[in-house]
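Reader: I'm new to this one and would like to learn how to read it. Could you show it to me and walk me through some features?

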Amino acid sequence: MLNVLRTIVQEVSAAPDLETVLNLIVQRIQRSMHTQVCSVYLFDPADQCYVLMASEGLNKEAVGSVRLSASEGLVGTVVQRAEPINLENAAEHPAYKYVEATGEERLSSFLGVPIIRHRDVLGVLVVQQLEVRRFDESEEAFLVTLSAQLAGAIAHAEATGSLAAIGGPSDDVIDLRFGGVAGVAGVAIGTATVISPPADLGSVPDKAAKDIEKEIASFQEALKLVRRDIKVVGRSLAQRLRSEEQALFDVYLRMLDDNALAGEVVSRIEQGNWAQGALREVVSEHVHQFSMMGDPYLRERATDIKDLGRRVLAYLQEAAPASLEFTDETILVADELTPAMLGEVPSEKLVGLVSVHGSSNSHVAILARSMGIPTIMGAVDLPLTRIDGRELILDGYSGRIYVQPSKKLLTAYSDIVRCEQEQATELEALKDLPAETTDGFVMPLWVNTGLVADVARSLDRGAEGIGLYRTEVPFMIREFFPSEQEQADTYRKQIEAFSPRPVTMRTLDIGGDKALPYFPINEENPFLGWRGIRVTLDHPEIFLVQVRAMLKAGEGYDNLRIMLPMVTSVGEVEDASRQIDRAVRELQDEGYAIKRPLVGVMVEVPAAVYQVRRFARRVDFISVGSNDLTQYLLAVDRNNPRVAGLYVSYHPAVLKALQHIAREAHKEDVTVSICGEVASEPGGALLLMAMGYDVLSMNATNLPKVKSAIRSVSKQDADLLLKEVMAMDDADRIQVFINERLEELGIALPAQPVIAV
């Protein structure tokens, strides 16, 4: 059964549309299980019922017309129970309902299995037989396994199929909706520009060929270069290979003949797709065909074809380097967004971001939040290759993406954008006012930065300091380690612009979801691996150069603070302190007029939570990185959209840890700040203020909203809110309660558009 399962899943994954997927499923299952009938019912959200979408064995006329509610018949029972129902004589079950159109009156045995994705029952997979008998455990297990495997493929095929019927952006198919995880609140309306990584066939988008002859010529030139490479490799290995092994190179060359892959690609280009998109289509189809073959040798040829496809694509991309066209309202779309990609689009043209992978708390989402760009992460069902150049609406409140929106939808969301702009204008008036409660308590508000552009944006919003400068960002957008002087020049821009306000620079924090292309860290579990202070202590040459650069940049300003990330032990703090002292002495000996800056640690792992007082005796300040701390406390990978809903800042365990940290730090008379995203929310900011945090650091975009919230309440209001929240034991109820209380206090919450389409 394992081979059958693998074959079905592979076929489904390669199918072009939902109809093909469903027909493949019912045909293959009916044949492999030797049943008279196999059917698939899928949920139709418009009618709130389950529709017979495909069947092998029932009347074909019934497909698309038979509809059952979630409480109707055996299919409805499977939906309600969300578990398999296995009956040897279905007609005797009290929920049995005979539907005349299906022609199933003679069928007895029934096995129905729910197709579940993200806790939602997408549909029901059913097999039926004439004879009275109960399907055995292995058959039931097979169908359950298959339904679990197919849930994602069906959801993706349903989404992709919606766009498969569209020939181009001008076609009259509108309001196609796809879901993701809300990464950065806000609404963006613009045109999709898809970025694909080098030599990655799977993410190459379809684009209309502007010059068909030029596309064909580029493709032929790439073929010529690949043929040359293969011949060179073949000759270099001729003395070491047997004749039958050398023949493999001839097989490669024949695959590139005009009568094989090459001819098909040219045909697709002539039909209007650009060379790279045509290559992706043809290679994908051949890989699928070979993968389905029973003969192991032929099945392995799929790998050869993929290799050839990547080689040809590499030359195509080299000949025509990504000359991306950006409209005035560009929504950047990628399989996985990176900080480097953000820098490819002129900032004045970038209005939105969409990433197929990642979550709202991934590093790139945090950067986007600091830039104030509406973002959606984890849009796993978005048909990446088919949306380039299409008009999109990005709803960063609900995590929805609309492709080719109607005029009605555009008007509704344009109104929301206008309201956001008006609210931003109103908040600008608070720039020079302190974050002071109605009873006189002042709460310092700092910002988190990473890009040069963050400086002006932060100062425009009234930031009183930098609580976190992500020094890894300049490293991530380069192709090699920056020199000491290059780092010093970059850091000085932050220090100089904010002087005399404090600037807190975190030492290099790579690993986890922050990778350097020239310093790869490949681990099974990177978030529990070599990251943060562990990397830099193991590489003192990197750490010392960075600290020296920071000290040089701060000369003459006296506002530099250095912060150590991912600390788990006192030994790490002491080792890092010795390195900092060494850098200070070296620069003083070289004639620099500097002194030792304030040094602090980040509390972002559970081990650090219980050592706050020990750390506080050795450093000048404590800062909480609540994003990672939440991740580690809840055992939730913040880059994984499957568990994005479990990552909640208002979880009772997280709140108790945050309160404990503030209390412990103050016992040693050390200031404690927080630079996680929870501080960017009005409700979170009020709770943290009541807990006793001395500084709140956040993205610049949210700073005016937080300031407005603080100025709308008394310290007593915040203390009461904290007391009530700490007595609660459910994160969802806490969130609802906070929102209700904020409304009672007259604090405006972000608009949450609910638009019926």
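Author: Helices (H or I, at least four residues) and strands (E, at least two) are DSSP runs, numbered from the N terminus. Before we go on, this is a predicted model, where local features need pLDDT of at least 70, side-chain atom pairs count only at pLDDT 80 or more, and totals for chains, interfaces and linings use all residues. Residues are numbered from 1 along each chain as its sequence is written, and side-chain values use heavy atoms, leaving out hydrogens and water.

Reader: Is Thr 411 buried, exposed or partly exposed?

Author: Buried means under 20% relative accessible area, exposed over 50%, and partly exposed in between (1.4 Å probe, protein chains only). Thr 411 has 48%, so it is partly exposed.

Reader: What does the side chain of Thr 411 reach?

Author: That is about polar contacts: a pair of N or O atoms within 3.5 Å, where within protein one must be able to donate a hydrogen and the other to accept it, and residues adjacent in sequence count only if both atoms are side-chain atoms. Here the side chain of Thr 411 reaches the backbone oxygen of Lys 407 at 2.9 Å.

Reader: Which residues touch the most other members of the largest nonpolar core?

Author: A nonpolar core is a set of buried Ala, Val, Leu, Ile, Met, Phe, Trp, Tyr and Cys residues joined through side-chain atoms within 4.5 Å. The largest one has 100 residues, and Ile 622, Ile 661, Tyr 693 and Leu 696 touch the most other members. Helix 17 (residues 540-553) gives this core its largest share, eight residues. Another core, of 31 residues, lies apart from it and includes Leu 223 and Val 265.

Reader: Which residues of helix 7 are buried?

Author: In helix 7 (residues 261-270), the buried ones are Leu 261, Ala 262, Val 265, Val 266, Arg 268 and Ile 269. They sit on the same side of helix 7, because they cover an arc of only 160 degrees around the axis; the arc is that of the directions from the helix axis to the C-beta atoms. After helix 7 comes Gly 272, with a positive phi near 120 degrees.

Reader: Which residues have a positive phi without being a glycine?

Author: Asp 558, with a phi of about 60 degrees, is one, and Met 566, at about 55 degrees, is another. Asp 558 is in the loop between helix 17 and strand 18 (560-564), while Met 566 is in the loop between strand 18 and helix 18 (570-589). Asp 558 counts as exposed because its relative accessibility is 58%, but Met 566 counts as buried, at 3%.

Reader: Where is the cis peptide bond that involves Pro 500?

Author: That bond joins Ser 499 and Pro 500, with omega about 5 degrees. Pro 500 sits in the loop between helix 15 (484-498) and strand 17 (503-506).

Reader: How many disulfides does a search of the whole structure find?

Author: A disulfide is a covalent bond between the sulfur atoms of two cysteines. Using a cut-off of 2.5 Å between the sulfur atoms, the search of the whole structure finds zero.

Reader: Which strands pair with strand 9?

Author: Two strands pair if DSSP finds at least two bridges between them. Strand 9 (residues 187-195) has seven of its nine residues buried. Five bridges link strand 9 to strand 13 (residues 391-395) in the antiparallel sense, with Val 187 partnering Asp 395. Another five join strand 9 to strand 10 (residues 330-334), which run parallel, and there Thr 191 stands opposite Thr 330.
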